Amino acid sequence: MQKVVLAWLTVGLLGFFALPWYAIEDGLWNFEWLIEGSLLDPDYASGALQFFVGDTIWLWPIALFLAAPLTVIKQRTDSARFYNTLIYSGGLGLLYVLIQGFLVGIAGWEYAIADSLFGELSVRQFGLGSGALLVLSALLFQFTNGLAAKGVMKGDIFVVGAIGFVIATVLAFVFFPVLGILSSAFQNDDGELQAALFLGKFFNANIWGLGCLSNGSCGVAINSLMLSIMAATISTLFGLAFALVAARSNLIAKKPIRALSMLPIITPPFVIGLALILLFGRSGAITQFLEFAFGIEPSRWLYGLPGILFAQVLAFTPITFMVLIGVVDGISPSMEEAAQTLRASRWRTFITVTLPLMRPGLAAAFLLAFIESMADFGNPLVLGGNFEVLSTQIFYAIVGAQNDQSKAAVLAIVLLIFTLAAFFIQRKWVGKKSYTTVTGKGDSGIHAELPKRVKYVSFGIVMPWTLFTIVIYTMVMFGGFVKTWGLDHSFTMQHYIEAFSITSGEHGLVWSGAAWNSFLTTLNISAISAPLTAAIGLLVAYLLVRQNFVGKQIFEFGTMLSFAIPGTVIGVSYVLAYNVPPIELTGTGVILVLCFIFRNMPVGVRGGIAAMSQLDKSLDEASLMLGANSFTTIRRVILPLLRPAIFSAITYGFVRAITSLSAVIFLVSADYDMATSYIIGRVENGDYGIAIAYSSVLIVVMLSVILLLQLLVGKRKLHRDNA
Amino acid sequence: MSAHTNAASVEFRNITKKYGVVKAVNEVSFTVEAGSLVTLLGPSGCGKTTTLRMIAGLEQSSSGQIFIGDQEVTNLSVMDRDVSMVFQSYALFPHMSVIENVAYGLREQGYNKKDAYEKAEDGMAMVGLSGFGKRMPNQLSGGQQQRVAVARALVLKPKVLLFDEPLSNLDAKLRRKVREEIRELQQKLGITSIYVTHDQEEAMAVSDKIIVMNDSVISQHGTPHALYEQPKNLFIADFIGDATLVDGRFISANESHVKLHLDTLEVELPHRNLPNLEQKLDIAIRPHAISVHTQEISNSIKGKVLKSTYLGGHVEYELETALGVLFAVDHQAVSAIPATTMVSVCIAQQGIALVGG
């Protein structure tokens with residue numbers, strides 16, 4: 001215990017005395033200050049020296065908080081003096097650093113009231129830098145060390161620290177920005193709180209209008225709601241059809257159908273919409289064929305509700321399928337057999353037993369698709385036309401000519417209300433009602449055959465859908481080799497050359513293709529964020545599955561919450577929150593990495609929970625009994641057994657980072673452009689060729705990464721089931 | 001509900017069930033008399049559950065014929081067979097209340113809600129669960145769930161009632177009680193019942209007749225008494241009630257009995273007209289027929305204690321004798337005789353059976 005306390009003490013003092021306190025213009029990893037400037041330059045000075053070079057008198061007390069543990073380091077760790085010193089110095093120090101950070105901003109006092117209390121302040125503060133980061137971590141962990149010494153979590157220093165770390169980061173990178181956007185909706189242009197203003201903006205015909213019922217156009221919230229309900233309903237039904245075919249028929253194509261469900265994972269969100277344009281747009285292949293063969297005039301029907309709905313159903317059916325296949329597989333065969341021995345026909349068995357048992361699963365699939373549809377940004381952006389939905393309107397409110405932050409905030413609140421409501425219903429109501437009926441005990445037996453009508457309907461959905469999906473992906477793969485869609489269908493490599501050419505210049509190879517910049521950035525950022533996402537996701541899963549603590553449910557809720565926050569909202573809130581001190585990240589790569597970590601964390605958590613629940617707790621206990629601490633236990637026992645789950649969490653984190661668009665589009669900068677936002681830019685210019693070529697490259701890259709990782713995991717998999 | 005008038009016999013004629021090339025059930029024939037309870041007994045994988053499921057119609061036989069009463073049902077679907085089944089997992093519908101579960105079959109048969117619920121209440125009264133109708137299955141204990149499953153099957157007044165290891169999810173104490181209840185109810189209603197289990201004690205306790213299956217065929221079919229006293233083969237002798245198998249030496253035979261030597265003991269057993277007794281005498285010795293004594297006793301054989309285990313009510317021994325290693329259970333013992341002691345081993349006549357048939 002003393003060692004850990006000393007280690008953090010050193011880290012904290014190092015941060016305070018030796019590293020730059022404020023963020024350096026060119027990023028965290030810039031070490032220019034080591035050579036050129038010195039710590040005496042106000043821009044680079046450490047917290048301790050700021051007092052001399054920058055008049056920041058309020059930084060000095062931090063040293064006291066940091067050094068306080070030194071006074072008790074010789075004490076017994078279970079003495080009240082020891083742990084109370086740690087708890088108070090850590091906790092109050094943390095508070096102090098944060099308060100000073102929020103109080104004093106780029107132009108002196110952040111709040112007018114401080115001016116009148118303390119007088120004008122001429123000193124400015126910028127965002128916190130590497131020194132401040134170390135100081136904050138040190139204070140946080142001294143606080144948790146103190147709690148552990150007091151006996152919290154059976155005195156497990158690692159577990160308390162982990163919980164503290166997760167809570168702190170989730171607060172900083174999920175709750176802080178989202179609360180920020182909520183409060184900005186209540187502020188007027190001068191930053192004053194005005195509830196009436198908010199109400200006026202919130203209850204607005206542009207948002208809630210029902211004009212479309214009487215030949216006008218509806219409010220944007222109503223549009224989104226209609227779209228999401230339709231998309232969720234249809235994709236749930238389709239997903240059910242797929243699940244029934246895959247689980248309950250003797251079709252040879254069962255495996256390929258399951259493989260199809262992989263597709264949306266590796267497909268950037270707008271690619272389906274893009275392919276639909278190439279097929280059904282004004283100069284699309286099918287449109288042109290129809291005109292040629294039947295003289296049907298090309299129209300713009302695709303742009304608007306029908307097109308978005310079409311694209312979303314195509315994109316979300318595999319997602320609902322993945323939920324429902326588990327549900328269909330999970331129904332105990334003896335339930336259906338019992339119904340049959342009780343004289344129910346196949347149809348009646350399906351209606352009275354199979355379907356009701358699936359009801360919670362259907363609801364879960366519906367809500368998931370609903371959230372996805374609400375949050376979808378790519379397809380409405382590409383296919384929206386005049387049909388306005390919340391996610392795109394938030395975007396236009398920020399980036400458009402209007403640049404109306406409070407309008408964006410109000411729309412974001414509306415969007416959040418919808419998705420959070422769905423999330424709540426899912427957790428509170430559906431989550432508890434699940435009939436996981438396969439008990440494992442005495443559940444041999446065979447599933448009832450599907451009633452004929454159900455079977456025919458299912459096949460009627462699955463077959464054309466599959467065919468169409470194949471057509472779409474063929475389009476995506478080969479669309480990039482065509483000169484100009486609809487006009488000139490001759491073969492060309494021109495788009496690929498334009499995007500990915502490498503020329504040899506004076507100084508060796510030059511990555512001259514237009515796409516290289518964003519492509520390499522994307523790979524870079526994704527590769528950095530994927531392992532971090534997996535790590536924090538699995539850490540949270542470990543805490544949830546293996547540890548019991550007060551407020552665990554709230555903890556779980558907080559970590560899963562970001563799943564229900566649409567990317568657009570995250571994007572806007574990150575821009576608003578991290579544009580100003582104390583955390584200044586706009587325009588950096590760090591903001592992208594953080595965004596990916598906290599957006600994709602719930603998936604890692606869920607995967608980790610599933611995998612960890614399979615591991616008998618006695619394994620950990622055996623390790624603890626043998627004298628290992630929890631950290632060693634995780635490293636030596638749990639992680640090796642979880643290797644497949646780790647790999648899939650990393651894969652997923654990587655792929656999600658590459659395909660992400662909605663949040664990213666707000667956070668990219670000239671230095672850090674991402675593939676998806678680059679492609680969308682091209683689509684908006686009508687550059688379909690290069691957009692589709694780039695998309696196909698992304699899909700191929702992700703597919704190879706997935707296959708490569710699976711190959712790696714497959715070889716090292718523990719063959720416990722063969723034992 | 002009074003005595004069951006609906007009871008019908010069940011007959012298998014040369015039934016085979018193949019999964020691919022594997023024969024789960026091979027050329028099996030038997031008859032179950034109307035109103036009796038017959039147990040399908042055997043180790044796991046012997047084909048007993050498949051046999052039961054073929055009676056229910058949940059599996060289709062590959063060849064052969066099945067009759068229920070006078071009617072051939074080989075190709076009839078489950079719902080047309082007039083049989084009910086109590087599942088191992090009970091298979092209570094978790095989304096329906098208890099009364100809805102019990103009334104489910106009646107509703108499917110076309111009863112209106114009121115009549116169905118009335119009959120369902122009767123059924124629940126029969127298994128002692130009156131007033132539990134509104135509960136959900138997960139609010140009941142394991143034993144109660146099991147009774148609901150029985151009531152749900154009974155209210156349809158099926159020609160045949162099937163039980164698929166109905167007690168396996170109950171704890172040991174409850175098992176004994178419930179099996180008695182099932183037997184009582186079955187006898188009261190006179191309903192033809194077929195019962196699958198792998199527990200021979202359970203089978204002995206509830207059955208009119210037992211069909212022992214092994215390796216996809218019937219090993220022996222008879223009353224519990226016949227199976228125990230006249231095992232047809234070594235498998236039965238060992239499976240029903242444990243036995244050590246030894247060789248006897250033939251001395252002589254008359255019309256009804258055969259005289260033989262077991263080491264130095266002379267024994268006379270009914271020979272049931274078994275052939276080739278002169279060449280081979282397979283003898284099963286029941287563990288509880290053996291008593292162990294430290295003093296010299298007449299009419300005993302010499303032995304040495306290899307291992308002794310004190311279990312409170314009785315002592316288990318492994319004994320080395322000229323006949324081979326014998327397994328013995330001594331219920332009279334006050335304390336265990338330690339290993340390596342030289343002992344006299346007595347074998348009671350009624351614990352010795354001639355194997356064959």
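Biologist: What covers the buried residues of α28(A)?

Modeller: This is a predicted model, so please read everything I say with that in mind. In it, the cover over the buried residues of α28(A) includes α8 (157-184), α23 (516-546) and α27 (617-625), which also belong to chain A.

Biologist: And which residues of α28(A) are buried?

Modeller: In α28(A), the buried residues are A:S630, A:T633, A:I634 and A:I638. Looking down the axis of α28(A), one finds these buried residues within an arc of 95°, so they line one face of the helix. As background, an α-helix has 3.6 residues a turn, so residues three or four places apart point the same way.

Biologist: OK, and which residues are exposed on the other side of α28(A)?

Modeller: On that other side, A:R635, A:R636 and A:P640 are exposed.

Biologist: What span should the twelve residues of α28 have, and how far apart are its end C-alpha atoms?

Modeller: Helix α28 of chain A covers residues 630-641, and at 1.5 Å a residue its twelve residues should span 16 Å. The end C-alpha atoms are 15 Å apart, which agrees with that expectation.

Biologist: Let me try another helix in chain A. How many of the ten residues of α19 are buried?

Modeller: For helix α19 (residues 390-399) of chain A the count is eight of the ten, so this helix is largely enclosed by the rest of the structure. The buried residues of α19(A) are A:L390, A:S391, A:T392, A:Q393, A:I394, A:F395, A:A397 and A:I398.

Biologist: Zooming out, how many helices and strands does chain A have?

Modeller: Chain A has 32 helices and six strands, and 46% of its 723 residues count as buried. If you take the contacts in chain A with a separation of 6 or more, 74% of them come from residues 24 or more positions apart.

Biologist: What about helices and strands in chain B?

Modeller: Chain B has eight helices and 21 strands, and 43% of its 357 residues count as buried. Its C-alpha atoms fill a box of roughly 75 × 45 × 40 Å along the principal axes, and residues 24 or more positions apart make up 66% of the contacts in chain B with a separation of 6 or more.

Biologist: Where the two chains touch, how many residues come from each?

Modeller: The contact takes 23 residues from chain B and 22 residues from chain A. On the chain B side, β6 (83-86) and α2 (98-108) each supply at least two residues, and by class that side has twelve nonpolar, eight polar and three charged residues.

Biologist: You mentioned β6. Which sheet order in chain B includes β6?

Modeller: β6 belongs to an open sheet of six strands with mixed pairing, in the order β6-β7-β8-β3-β9-β10 of chain B. The edge strands of that sheet are β6 and β10 (217-222), each pairing on one side only, and the twist averages 20° from one strand to the next. Helix α4 (residues 142-154) of chain B packs on this sheet, where it touches β6 and β7 (160-164), and its direction makes about 175° with that of β6(B).

Biologist: Now the three-stranded sheet: what is its order?

Modeller: The order is β12-β13-β14 in chain B, an open sheet with antiparallel pairing. Its edge strands are β12 (249-253) and β14 (265-270), and here the twist averages 30° from one strand to the next.

Biologist: How many residues join β12(B) to β13(B) in the hairpin?

Modeller: That hairpin goes through three residues, and four bridges join β12(B) to β13 (residues 257-262). Within this pairing, B:S252 is the bridge partner of B:K259, while B:A253 stands opposite B:V258.

Biologist: And the next hairpin, what lies between β13(B) and β14(B)?

Modeller: Two residues lie between them, and B:D263 in the turn has a positive phi of about 50°. The two strands pair in the antiparallel sense over six bridges, and on this side B:V258 has B:L269 of β14(B) as its bridge partner.

Biologist: Last one: which residues make up the covered face of β13(B)?

Modeller: The covered face of β13(B) holds B:V258, B:L260 and B:L262, whereas B:H257, B:K259 and B:H261 make up the uncovered one. In a regular strand the side chains alternate between the two faces of the sheet.

Note on methods
Residues numbered from 1 in each chain as written. Chains lettered and ligands numbered in written order. Predicted model: local features only at pLDDT ≥ 70, side-chain atom pairs only at ≥ 80, totals over all residues. Pairing = 2+ DSSP bridges. Axes fitted to C-alpha atoms, helices over the stretch in contact; angles between N-to-C directions. Buried ≥ 20, exposed ≤ 12 C-beta atoms within 10 Å, placed from the backbone. Contact = placed C-beta atoms within 7 Å. Nonpolar A, V, L, I, M, F, W, Y, C, P; charged D, E, K, R; others polar. Expected span 1.5 Å × (residues − 1). Arc of directions from axis to C-beta.
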